[in-house]
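Here are a few friendly notes to read alongside the model. Please keep the structure open as you go.

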Amino acid sequence: MKKILFSMALCSTVLVGCQQDLLDIPQKGVTPMENFYQTDEDAESALVAAYAYSAQYYANNTADCGWNDSPFLNFIYLGDDVVAAGQNKTDNAGQNELHSFRFDTNNGHLSGAFKSFYRSTYACNLVINNFEPVSQTKKRCIAEARVIRAFNHFMLAQGWGAVPIVETVLGGADRLGNSESREQVFEWVVKECQEAMADLTERTSPSDKKGAVKVTKGFAQAVQGKALLYLKKYSEA
């Protein structure tokens, strides 16, 4: 009887060991983080993700912002250049709240815009924090990500004032406080653009289509110049 019990226990141990081996396999379709952020191709790929997040500036189909709406429109709805029309008075309610200055902190278009700029910043920080500037490609990718991140903060400061400046990938428990002032954010934007310019490419001519759809030295100068205008540093701008 003891021999039978021993054999059954041994079989159970073997079966458990076999099952664990069968389950201990690499996840398909996923690149481990420790194996990424190494090559120039990785840098280009990570930068493409940052641009993809930034596309939400122009068309955000999430529940936060509404159907095919843009965070940029929040700034325009407050003026007279756009009318938030619709089928009836209940259509486009969030946009109409902005248009008639009846919005509060529960407005989904404002929260959606706020989130979209920080989502893009998160993707930019993945590039900036994880790559070493040891090749021209990596330097350029980091520089482009820095300017996109600076542009995000420039827009956030315009709309929300002394927002947190996010320079690292945050964990779930991280809580950043607001900046001291809106001017501090603009000063940071100016510095980021200035430091990134040396590693950026330039658009060669008005017919340079590739240079028109990515961050270039000219775009960095434009963002920096706008931030300087908000700081009333007109001669520098």
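1. Which residues lie nearest the centre of the second largest pocket? They are Tyr118, Arg119, Tyr122, Val166 and Leu170, from a lining of 14 residues. A pocket here is an open set of points on a 1 Å grid over the protein atoms alone, where a 1.4 Å probe fits, with protein on both sides within 12 Å along at least five of seven lines; lining residues have an atom within 4 Å of a point.

2. Please note that this is a predicted model, in which local features need pLDDT of at least 70 and side-chain atom pairs count only at pLDDT 80 or more, while totals for chains, interfaces and linings use all residues. Residues are numbered from 1 along each chain as its sequence is written, and side-chain values use heavy atoms, with hydrogens and water left out.

3. The second largest pocket has a volume of about 220 Å³. Its lining divides into 7 nonpolar, 3 polar and 4 charged residues.

4. Helix α2 (residues 40-54) packs with helix α6 (residues 136-160) at an angle of about 15°, their axes 9 Å apart. That makes α2 roughly parallel to α6 (angles under 35 degrees count as such, and those over 145 as roughly antiparallel). On the α2 side, the contact (heavy atoms within 4.5 Å) includes Leu47 and Tyr51. By class, the contact of α2 with α6 has 6 nonpolar, 2 polar and 5 charged residues.

5. Helix α7 (residues 182-196) and helix α8 (residues 217-230) cross at roughly 155°, and their axes come within 9 Å. That makes α7 roughly antiparallel to α8. Among the contact residues are Phe186 of α7 and Leu228 of α8. By class, the contact of α7 with α8 has 9 nonpolar, 2 polar and 1 charged residues.

Definitions and conventions
Axes are lines fitted to C-alpha atoms, for helices over the stretch in contact, and angles run from 0 to 180 degrees between N-to-C directions. Helices (H or I, at least four residues) and strands (E, at least two) are DSSP runs, numbered from the N terminus. Angles under 35 degrees count as roughly parallel, over 145 as roughly antiparallel, 65 to 115 as roughly perpendicular and the rest as oblique. Ala, Val, Leu, Ile, Met, Phe, Trp, Tyr, Cys and Pro count as nonpolar, Asp, Glu, Lys and Arg as charged, and the others, Gly among them, as polar. Grid points are joined across faces, edges and corners, and a volume is the space filled by probe spheres set on the points.
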